Amino acid sequence: MAFDSFSAFIIMEGHGPYVWACYAVFAVLVAGLMIWSVKRHQSVMDACQRRYVHDAKNSGRPAQKASATFTRVEISQD
Amino acid sequence: MWQWFHKLGSPKWFFGIATRFMPWLLAGGLLLLAAGLTWGLAFAPEDYLQGNSYRIIFIHVPSAFLAQSIYISMAVAAVVTLVWRMKLADVFVKAIAPVGLVFTFLSLFTGAVWGKPTWGTWWVWDARLTSMLILLFLYGGVIALDRAINDEKSAARAVAVLVLVGVVNIPIIKYSVDWWNTLHQPATFKLTEKPTMPMEMWLPLLLSVLGLYLLFGWLTCIRMKTEILIREQRTRWVRELVMAGGK
């Protein structure tokens with residue numbers, strides 16, 4: 001170890017706050033990026049699954065009867 | 001070679017390969033990074049000139065390396081998007097631009113905090129720092145442009161053009177310390193030359209760089225997989241894959 005004691009390791013002859021601030025921000029951002037990526041992947045997976053289940057349920061039902069009908073009407077153009 | 005190229009263009013093939021590599025990339029990345037950072041923080045000797053503040057190098061240099069490599073790889077993918085219209089190349093650019101943004105921010109932040117005890121200032125408008133700040137804006141521009149255009153193909157082309165225009169900044173970042181008088185020290189880490197720093201400082205730095213590259217590989221895989229799921233959700237293979245629980 002390059003330091004005599006644990007407190008010397010933390011203080012780093014006055015440079016501790018600078019060094020530890022950098023390492024803390026690095027750890028938070030890298031871990032945050034990783035967690036965000038995993039969560040986003042999972043949420044997209046879940047959304048796809050919900051959609052497929054929904055589609056599968058709907059495709060089993062008979063087609064809904066139309067509420068209005070169209071009748072062919074012959075109109076003279078004269 | 002062409003067969004490989006065509007395979008690489010297939011989202012389904014990529015999805016399978018990425019799933020297989022991801023655990024190794026994650027385990028290797030975390031292990032190397034933990035080893036490199038612990039070594040650098042606690043066991044590497046103190047710098048005779050800068051004291052302990054130099055220990056920031058073990059995260060500053062890997063972040064800066066990655067920030068530039070990500071942009072270069074985005075530029076290569078942009079060429080592939082424009083010339084061959086390969087879908088995966090565009091997926092790659094879209095997936096990793098936010099990662100590039102985070103690492104550019106990290107290299108600027110750690111550099112600024114390192115600058116205070118070393119140069120006596122957080123920031124100077126010198127060539128290296130300013131060109132890195134421009135890189136941060138470029139990443140922001142790429143992300144914003146991609147989100148601003150709804151049509152997938154138009155967005156891909158516009159983003160590819162912006163990435164290629166911005167690539168001029170990369171040699172400026174790299175050679176800024178040689179071309180101009182700058183507070184920033186010259187490159188400490190060159191693969192082509194013998195290291196200028198002692199081995200007990202250089203080795204932990206090498207481990208940290210390799211570890212962060214592996215983690216970037218993992219991030220690329222998972223983020224590209226997400227993007228592929230979104231784009232290919234109407235295909236049969238994605239339906240089967242999702243219904244099987246992603247395996």
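**View 1. Chain B as a whole.** A compact globule of 247 residues would have a radius of gyration near 18 Å, and chain B, at 20 Å, agrees with that. Here the radius is taken over C-alpha atoms, and the globule rule is 2.2 Å times the number of residues to the power 0.38. This is a predicted model, so to speak of local features pLDDT must be at least 70, side-chain atom pairs count only at pLDDT 80 or more, and totals for chains, interfaces and linings use all residues. Residues are numbered from 1 along each chain as its sequence is written, while chains are lettered from A and ligands numbered from 1 in the order in which they are written. The C-alpha trace of chain B spans about 60 × 35 × 30 Å along its principal axes. Chain B has nine helices and zero strands, which reads along the sequence as α-α-α-α-α-α-α-α-α. (Helices, H or I with at least four residues, and strands, E with at least two, are DSSP runs numbered from the N terminus.) Buried residues account for 40% of the 247 in chain B. A residue is buried if 20 or more other C-beta atoms, placed from the backbone, lie within 10 Å of its own, exposed if 12 or fewer do, and partly exposed in between. Take the contacts in chain B between residues at least 6 apart in sequence: 78% of them join residues at least 24 apart. Two residues are in contact if their C-beta atoms, placed from the backbone, lie within 7 Å.

**View 2. Helix H2 of chain B and its bend.** H2(B) covers residues 11-43, and its 33 residues reach 44 Å from first C-alpha to last, close to the 48 Å expected at 1.5 Å a residue. The expected span is 1.5 Å times one less than the number of residues. At Phe21(B) the helix bends by about 40°, with a proline, Pro23(B), following within four residues. The bend at a residue is the angle between axes fitted to the seven residues ending there and the seven starting there. Buried residues of H2(B) include Phe14(B), Phe15(B), Gly29(B), Leu32(B), Leu33(B) and Gly36(B).

**View 3. Helix H4 of chain B, mostly covered.** The 33 residues of H4(B) should span 48 Å at 1.5 Å a residue, and the end C-alpha atoms are 46 Å apart, which agrees. H4(B) bends by about 35° at Ile96(B), and Pro98(B) is the proline that follows within four residues. Of its 33 residues, 26 are buried. Just after H4(B) comes Gly120(B), with a positive phi of about 90°.

**View 4. Helix H5 of chain B and what covers it.** H5(B), residues 127-148, has 22 residues and reaches 31 Å between its first and last C-alpha, close to the expected 32 Å. Among its buried residues are Leu129(B), Met132(B), Leu135(B), Leu138(B), Tyr139(B) and Val142(B). The cover over the buried residues of H5(B) includes helices H3 (57-84), H4 (87-119), H6 (152-166) and H7 (169-179) of chain B.

View 5. An unreviewed UniProt entry places "transmembrane region" at residues 56-84, 91-115, 127-146, 158-177 and 201-221 of chain B. UniProt positions are in the numbering used here, feature names are shortened, and annotations may be inferred rather than shown by experiment. Residues 56-84 of chain B are 97% helix and 0% strand, with end C-alpha atoms 42 Å apart. For residues 158-177 of chain B, the figures are 90% helix, 0% strand and 32 Å. In chain A, the UniProt annotation "transmembrane region" (unreviewed entry) covers residues 18-36; that stretch is 100% helix and 0% strand, and its end C-alpha atoms are 27 Å apart.

**View 6. Where chain A meets chain B.** In this view, 26 residues of chain A are in contact with 33 residues of chain B. Helix H2 of chain A (residues 16-60) gives the most to the chain A side, with 19 residues. By class, that side has 20 nonpolar, four polar and two charged residues. (Ala, Val, Leu, Ile, Met, Phe, Trp, Tyr, Cys and Pro count as nonpolar, Asp, Glu, Lys and Arg as charged, and the others, Gly among them, as polar.) His41(A) sits in helix H2 of chain A and, leaving aside neighbours within four places in sequence, is in contact with Ile222(B), Lys225(B) and Thr226(B). His41(A) counts as partly exposed because it has 18 C-beta neighbours inside 10 Å.

View 7. Most residues other than glycine have a negative phi. Met12(A) is buried, with 20 other C-beta atoms within 10 Å, whereas Glu13(A) is exposed, with 11.
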